Amino acid sequence: MLEAIGADSIEALFDEIPEALKDTRLECVPRASNEMEISRLMQERAAQDGRWSSFIGAGAYEHHIPAAVWQLVTRGEFYSAYTPYQAEASQGTLQLLYEYQSMIAGLTGLDAANASLYDGASALGEAILMAVRLHKSSRRILIPRNLHPHYAAAARTMVSSQDIELVEVPYCAQRGTVDAATLEVIADGAAAALVIPQPNAFGVLEDVHALTDWAHRRGMLAIAAVNPVSLAMLAAPGRWGAQGADIALGEGQPLGVPLSAGGPYFGFMTCKAAHIRQMPGRIAGGTVDAAGARGFTLTLQAREQHIRRSKATSNICTNQGLAVAAATIHMALLGPSGLRRVAQACHAGLQRLIDRLRPLGVRPRFTAPCFHEAALELGVPAGPVLEAMRAERILGGLDLADWSAELGGALLVCVTETKTDADLDNYARVLSAALARARGKG
Amino acid sequence: MKVAQDRRYASTHEWARLEADGSVAVGITDHAQELLGDLVFVELPELGKSFAQGQECGVVESVKAASDIYAPVAGLVTAVNTELADSPERINQDAYAAWIFKLAPSDPGELATLMDAAAYEGAVNADQD
């Protein structure tokens with residue numbers, strides 16, 4: 001190919017790119033392998049994953065996925081899930097998206113959902129852009145410091161070049177939550193929206209009703225960043241406060257998508273009907289065909305860039321079709337009561353683990369209640385403790401010092417329905433030994 | 001194509017009519033609604049907001065396209081036709097009766113910079129040739 005275009009080498013082809021911009025890591029990419037070699041390499045890599053007992057959540061959560069989910073998702077009709085333009089050829093996919101939207105709108109208690117976004121963190125970036133478009137007069141957004149740092153970083157990347165200011169709101173060091181009194185002090189002046197994570201990055205439950213009402217009293221929108229499984233137990237964003245949150249978003253992975261080394265996942269987003277024309281992304285709608293039979297089609301496309309170009313709500317022109325297919329089937333199999341049982345099992349599991357760890361002198365860092373994840377105070381640096389637990393095939397949690405120096409000695413631990421009492425006993429035993437060693441050294 | 005004689009026209013297919021109270025009513029032309037097809041949504045400008053001549057101030061959205069509405073003259077928005085929120089099809093039914101918003105013009109003389117009915121009709125016909 002180089003010969004055909006008249007370049008001596010690949011370097012000569014890229015010659016126009018200034019040296020400073022070149023990323024030389026590309027040179028480390030190995031030469032092509034055949035299918036047999038790649039299969040063998042992948043099997044070796046997969047074996048390295050091992051069989052860990054994982055207690056790490058921090059934004060991606062291990063849940064049991066019924067075998068039927070991916071059996072169905074990998075059917076040919078779903079497996080090529082590119083967004084369907086042609087309603088006449090894509091009724092099955094469009095109906096699936098419509099069912100997904102109905103389920104996720106129901107779960108969040110809001111009127112309308114889009115067909116999904118890339119992931120939870122970029123969904124927050126989109127929600128912020130949407131709030132600024134809706135508010136019209138302010139470009140400030142209040143972001144609590146107990147929001148997942150990856151969400152804050154992704155949102156900052158997306159909006160910082162658009163003259164939008166993200167104002168950090170501190171949280172109460174005892175409770176782990178944002179309280180209205182703190183907001184009063186720091187939030188002088190107008191803002192377009194307040195971001196409300198539920199549960200927040202420490203797994204702690206916020207007083208979402210008070211925060212939503214606080215935002216609305218000041219003419220701000222309330223943006224809910226939620227864990228979808230928790231909504232089976234907790235108040236839906238559409239019912240927060242007197243008027244409900246305006247926009248809800250989150251990471252859809254806990255609904256039937258495996259952890260798989262960090263992706264692909266999907267982001268979900270829902271909003272009040274009044275805001276639907278500012279919502280980014282695809283929307284599948286129900287309609288009737290020329291013969292009066294029920295059918296489905298992409299709708300409200302004038303919001304999208306292939307029609308409105310410079311006025312589009314977003315450059316998002318796609319959705320995570322396959323992951324959404326999994327989530328839809330997962331939710332359909334579990335049903336509302338099944339999802340509630342999963343949520344209750346997660347919450348109860350965390351409580352049982354906390355009870356088992358109390359005799360070891362390990363206590364929750366924050367006093368406010370948690371859903372299925374909690375910051376636990378070890379009293380010693382978490383790094384060596386986690387290392388000792390890894391030797392026993394347990395991923396004991398996330399060292400919160402990774403997020404912030406002020407949280408050193410705290411471990412973010414998650415329990416889902418995948419952990420049995422025996423798993424919890426084992427965790428307590430291994431942690432006890434690791435702590436004894438760490439404290440002995442201290 | 002219908003062209004009403006009692007008003008002026010912008011090249012971007014808005015009409016502007018001086019009302020008895022001195023305000024200027026604004027809508028889109030019959031030709032514009034024909035090109036757009038069935039309208040499904042009208043984004044009205046905000047009451048009290050000021051626009052320069054030619055500035056984008058609203059959107060008409062049809063089943064096949066979305067199109068900006070430009071202020072035919074400079075002015076402050078004094079009224080918006082909220083009936084269009086629920087029934088945008090009124091514009092398809094009678095584009096010259098369905099005003100979208102009214103402006104208090106900052107310079108009523110600007111109306112003279114717009115085309116009269118005959119000039120607009122000529123411009124549209126020239127465009128189609």
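Reader: How are the residues and chains labelled, and what limits apply to a predicted model?

Author: Residues are numbered from 1 along each chain as its sequence is written, and chains are lettered from A and ligands numbered from 1 in the order in which they are written. In this predicted model, local features need pLDDT of at least 70 and side-chain atom pairs count only at pLDDT 80 or more, while totals for chains, interfaces and linings use all residues.

Reader: How many helices and strands does chain A have?

Author: Helices (H or I, at least four residues) and strands (E, at least two) are DSSP runs, numbered from the N terminus. Chain A has 14 helices and 15 strands.

Reader: What does the radius of gyration say about chain A?

Author: The radius is taken over C-alpha atoms, and the globule rule is 2.2 Å times the number of residues to the power 0.38. For 442 residues a compact globule would come out near 22 Å; chain A has 24 Å, which agrees. Along the principal axes, the C-alpha atoms of chain A fill a box of roughly 70 × 60 × 50 Å.

Reader: What share of chain A is buried?

Author: A residue is buried if 20 or more other C-beta atoms lie within 10 Å of its own, exposed if 12 or fewer, and partly exposed in between, with C-beta atoms placed from the backbone. In chain A, 44% of the 442 residues are buried.

Reader: How many residues of chain A and chain B take part in the contact between them?

Author: Chain B gives four residues and chain A five residues. The chain B side has three nonpolar, no polar and one charged residues.

Reader: Which strands of chain B form the open sheet, and why do two of them have a side without a neighbour?

Author: Two strands pair if DSSP finds at least two bridges between them. In chain B, three strands form an open, antiparallel sheet in the order β4-β6-β7. β4 (39-43) and β7 (66-70) of chain B stand at the edges with a single partner strand each, so one side of each has no neighbour in the sheet. Five bridges join β6 (residues 56-62) of chain B to β7(B), and B:V60 has B:S67 in β7(B) as its bridge partner.

Reader: Where are the hairpins in chain B?

Author: One is formed by β1(B) and β2(B), with four residues between them, and B:H13 in its turn has a positive phi of about 75 degrees. Another is formed by β2(B) and β3(B), with five residues between them, and B:G22 in its turn has a positive phi of about 90 degrees. Five bridges join β2(B) to β3 (residues 24-28) of chain B, and the two run antiparallel. B:R17 stands opposite B:A25 in β3(B).

Note on methods. Two residues are in contact if their C-beta atoms, placed from the backbone, lie within 7 Å. Ala, Val, Leu, Ile, Met, Phe, Trp, Tyr, Cys and Pro count as nonpolar, Asp, Glu, Lys and Arg as charged, and the others, Gly among them, as polar.
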